[in-house]
Amino acid sequence: MNQDTTGRLRRPTTSRAGAVLAAVLLALLVPIGAASAHDTLVSTDPATGSTVQEMPQKIGLTYDNIPIAMGSEIRVVDADGNNWAQGAPKVTNRVVGQKVQPGTPAGTYTVQWRVVSSDGHPIQGTFTFTTETGAEPGAATPSAADAAPAQHTDPAPGLPPWVIPVGVAVLILIGAGGVIAWRRLGTD
Ligand SMILES: [Cu+2]
């Protein structure tokens, strides 16, 4: 055993750490997968991927349940990254509405939404649509405060909310694995 190279010694340690990691990830993911009662987005206005003549005053997202009004956030982002959402989203039955500032240029918009599902879990997603006509680009720009909401420390758009806790757990495990491997190498 002891005549093995360090390269050989490392391998079982790495795979054991990998197994632990996989088990922890599974334990974290299974309850999320099992609780399939999240509300889901069933339709959008404008329709996902559609082209409309001009930007509506209000964007609508319809869910299969009534989301919890608190903590929802909808951004209407143009190709330059400006957020044209005006004020907070409003939940009316199963529809979450978001007012849009006037003066949007023609182009493709990405709606980044995050609402709290009726089962208490935050859910999020994006969809895009295109407006054919609009203001001259740069004629009106949304306020800086709207473009960069400072109150929230959002994970990157599109990342589910569990990514950060899982990432932290993985880093801790990797750190612990490293310490174990280091001790083993030191004592051999
Ligand atoms: Cu849920």
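Ring pairs link Tyr109, Phe127 and Phe129 into a cluster, where rings of Phe, Tyr and Trp (its six-membered ring) count as a pair if their centres lie within 6.5 Å. This is a predicted model, in which local features need pLDDT of at least 70 and side-chain atom pairs count only at pLDDT 80 or more, while totals for chains, interfaces and linings use all residues. Residues are numbered from 1 along each chain as its sequence is written, and side-chain values use heavy atoms, with hydrogens and water left out.

**The sheet**

- Four strands, in the order E1-E3-E6-E5, form an open sheet with antiparallel pairing; strands are DSSP runs (E, at least two residues) numbered from the N terminus, and two of them pair if DSSP finds at least two bridges between them.
- Strand E1 (41–45) and strand E5 (90–92) stand at the edges with a single partner strand each, so one side of each has no neighbour in the sheet.
- E1 is joined by four bridges to strand E3 (residues 58–63), and the two run antiparallel.
- Leucine 41 lies opposite tyrosine 63 in E3.

**The aromatic pairs**

- The structure holds three aromatic pairs.
- In one of them, the ring centres of tyrosine 63 and tryptophan 113 are 5.3 Å apart and the planes stand at 75 degrees, so the pair is edge-to-face (planes over 60 degrees apart; under 30 counts as stacked and the rest as tilted).
- This pair links distant parts of the chain, since tyrosine 63 belongs to strand E3 and tryptophan 113 to strand E7 (residues 107–116), 50 residues apart.
- Both tyrosine 63 and tryptophan 113 are buried (under 20% relative accessible area, with a 1.4 Å probe and protein chains only).

Note on methods: Buried means under 20% relative accessible area, exposed over 50%, partly exposed in between (1.4 Å probe, protein chains only).
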